[in-house]
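Let's take a walk through this structure together, one part at a time.

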Amino acid sequence: MIFHIAKSLAGLIITLLIVSFIIFLVMQAVPGDPAEIILGMSAQPDTLAALRSQLGLDQSLLQRYLNWLLGLLQGDLGDSYTYSTSVAQLIGERLKVTLPLTGLAVFLSVLISLPLGVTAAAKPNGIIDSFASLFSQMGIAVPNFWIGLLLILGISLTFGWFPAGGFPGWEAGLWSALNALILPAVALAIPQAAVLTRVTRAAVIEITGEDFVRTARAKGATPNYVLWHHVMPNALIPIVTMLGMQISILIAGAILVENVFNLPGMGKLAYQALAQRDLIVIQDVVLFFAAIVIIINFFVDALYTVLDPRLRIRR
Amino acid sequence: MIRLFRYILTTTVAIGLLTINGVNAQPRNDLVLGMSVEPTGLDPTAAAPVAIGQVVWQNLFEGLVAINKAGEIEPQLAESWTISEDGLTYNFTLRSGVTFQNNQKFTAETAKYTIDRILENDSINPQKSLYKSISSVKAVNPKTLILTLSSPSADLLYWLGFPAAVMIEPTSEATNATNPIGTGPFKLLNWKKGNQLTLVKNEHYWGKATKLDKVTFRFISDPQAQAAALNSGDIDAMPELSAPELVSQFKHNQAFDTVIGTTSMEVVAGMNNAKKPFNDARVRQALMMATDRQAIIDATSEGLGTPIGSHFSPSDTGYEDLTNIWPYDPVKAKKLLAEAGYPNGFTFTMKMPTRTYAERAAEIMQAYYAMIGVTMILESSEFPAKWVQDVFKDSNYDMTIVGHAEPLDISIYARHPYYFNYHNPKFDKTIAEISNTTTEVERIAGYKKSQEILAQDVPALFLYAFPKIGVWKKGLQGMWKNQPVPSNDITDAFWSE
């Protein structure tokens, strides 16, 4: 068990090292000078040189890479070039929006897709199944930011039940903050639910066709019992895999919805940092995303051993 | 039937009670303002982005002088000043009893510190070049500041009113980017980066108290989101709505005031004057005649915006309308092009920065030039990073299009090196002479002459002055219509109901 965790940890560190190397090199190759962007078109060469020196941009590539890694090992992510604040603080503030938003979106997505997928699979080609099929197709075809715009126009501006955008902060109260996250979460959840519905339906149909399910029915188990004790535990594996991938995508990829609803999340931070060539923020954020994906995969793997007893047996 | 009647009665009474409450309410003393770009820091003396001044200039920080909504210079922390005959000595009498928001006094020593800091060798002030004529600063006594110049600079007073020259306090200087300390009527309450920023009234302000107690700036980059926020009441005002095509919904809406003004930003299509065929003035003039400015304005900003004939905005004092020097005339354009040796036109590449107005304008121009046989190939250039490197620094371009937002920046055509690669000794001389003028009349005359030279020579295609599209809730007064300096001066704003 310890060996297993140690192996995963080693894998995490090696992957992060490789990612850090790649992102550092890529950002050096991309055209654009952070100092020029900060100081603008009127700045004189001596002013630019002074700022570059201040930001540490006049050091050699190797020196800068090592400085960055050393800082990371000590828990110091560095200071943003454009905001002059610690990157850790910036990421922390953005996570306060992105994590709850992702959580809410995943919750809604599972809430919609699991019942829908299972019911659709229970009676293939029935009414629910046709509806689920239609829902999946449309949900996958329509972009999430467009759904967001429709929600703003249709619900926010017409009925005023939810704000049309912006995030008041958790200090404004739990309900107030959640209110601002509901519509964006729905916009994110619908395409995810569409995919998850298809996966759920396919998984359940496939498992239902297996021999052991037929045996269980033959032995007199009720359809309900068969569904929850035999089918679902097996079907959960592809569903959980998909869910793990979706969570990783949501944490990094909600940028369009964040833009439409004007939420200060991680996606927006990454996008703004890239436009402003805030190299240190980009490097740290990419590393952070890589770490998140790896950690989520780790948990999904661990979940497999819980869901599938066969995997618990040591080789 | 009785039940229905009772229901209607209760509902009416309820609505009545609610609205009565509204009528008796005091006028609000807080304001929520929307801005499309968030400033990266709050120290306008250490970074260039215009958004910084748009939050803090005049609201939080003040300078020796201020620029008012008409673009004129007004005394601020300097009560009065005298300028010597030769224009080399400026003697400022400073206001007394002024304190910074951290209770430190403002004296001539503070002013000296501020200006010395702009000029020192490792200064990171983005506008340092504007003040380079200052050779020494002396604080004779707490109320008197003397600037000695190495050469006359008639615009120096104007530059001293800029966000880049606001007075800062030495002990708070290092943290001004995140915790700005100025002398202005508002001070910073908090800044939730990526989201919003709140200013509150400075109780110890030296001047006229503001009517507002609290101002919140919300940063909304998406134009649709801006419109949605206005409609839902999330923000009260959007001084610069990013999408002109959304204006019409507000124009017809009684709940809002829509005020269209001008900004100091000139949208010009710069040409690489060092490269063929743009080194020939006739080619540039022909292209100017082949460009229908109004069509570009109609396509990029719903007809809002002013055509310009030179590098000067209608909101700057001294503006001359020179659009009739090379008016739209495709027949004459083709003839002039043939005279220059291109009877069958030519092909070139337009590097457009990734900004909506630039991309749209470029597409319109492509169509107009095709009509006179000139082929324009469009290439996107990521803005700001790649564009600044490619076009601005390396001059690796034929033609580009960008908005120049700095007020009174016609002198960029006399700057060497600069991305236009334009060398006109006569123009350089005219610009240099403006610095030496001693009266306002002479200064304005100098600017007019420089405008005329550029209008004739067309080093860049002068397209239009960007409009300021202001939308705010009815009842909000004191907002600026024009933007002679990039700013959101809300010191005079108040609710009238």
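Zoom in on strand 6 of chain B and you'll find six bridges joining it to strand 7 (residues 144-149) of chain B, with the two running antiparallel. To get your bearings there, look for B:Ala139, which stands opposite B:Leu145 in strand 7 of chain B.

Now move along chain B to another sheet. This open sheet has three strands, in the order 15-14-16, and the pairing is parallel. Why is one side of strand 15 (375-381) and of strand 16 (399-400) of chain B left without a neighbour in the sheet? Both stand at the edges with a single partner strand each, so there is no neighbour in the sheet on one side of each. Strand 14 (residues 347-353) of chain B pairs with strand 15 of chain B in the parallel sense, over seven bridges. A handy landmark is B:Lys351, which stands opposite B:Glu379 in strand 15 of chain B. Helix 10 (residues 356-370) of chain B packs on the sheet and touches strand 14 and strand 15 of chain B, with its direction at about 165 degrees to that of strand 15 of chain B. Helix 11 (residues 385-393) of chain B lies across strand 14, strand 15 and strand 16 of chain B, and runs at about 130 degrees to strand 15 of chain B.

Over to chain A, which is divided into domain 1 (2-73) and domain 2 (88-314). Their C-alpha centres lie 32 Å apart, and 13 residues of domain 1 are in contact with 12 residues of domain 2. On the domain 1 side of that contact, helix 1 (2-29) and helix 2 of chain A are the elements that give two or more residues. Helix 1 of chain A supplies the largest share, nine residues. By class, that side of domain 1 divides into nine nonpolar, four polar and no charged residues.

How do the two chains meet? In this model, 43 residues of chain A are in contact with 38 residues of chain B. Several helices of chain A each supply at least two residues to that side, among them helix 5 (87-122) and helix 7 (144-159). The side of chain A that touches chain B has 20 nonpolar, 17 polar and six charged residues.

Finally, a word on confidence. The model scores ipTM 0.74 and pTM 0.82. Chain B has a mean pLDDT of 89, and 95% of its residues reach 70 or more. Within chain B, confidence is highest in strand 16, at 96, and lowest in helix 1 (residues 2-24), at a mean of 57. Over residues 19-24 of chain B, pLDDT stays under 50, and the model has zero contacts beyond four places in sequence for them. Where pLDDT is low, the predicted coordinates should not be read in detail.

Note on methods:
Residues are numbered from 1 along each chain as its sequence is written. Chains are lettered from A and ligands numbered from 1 in the order in which they are written. This is a predicted model: local features need pLDDT of at least 70, side-chain atom pairs count only at pLDDT 80 or more; totals for chains, interfaces and linings use all residues. Two strands pair if DSSP finds at least two bridges between them. Helices (H or I, at least four residues) and strands (E, at least two) are DSSP runs, numbered from the N terminus. Two residues are in contact if their C-beta atoms, placed from the backbone, lie within 7 Å. Axes are lines fitted to C-alpha atoms, for helices over the stretch in contact, and angles run from 0 to 180 degrees between N-to-C directions. Ala, Val, Leu, Ile, Met, Phe, Trp, Tyr, Cys and Pro count as nonpolar, Asp, Glu, Lys and Arg as charged, and the others, Gly among them, as polar. pLDDT is the predictor's confidence in each residue, from 0 to 100. Domain bounds come from an automatic or database domain assignment.
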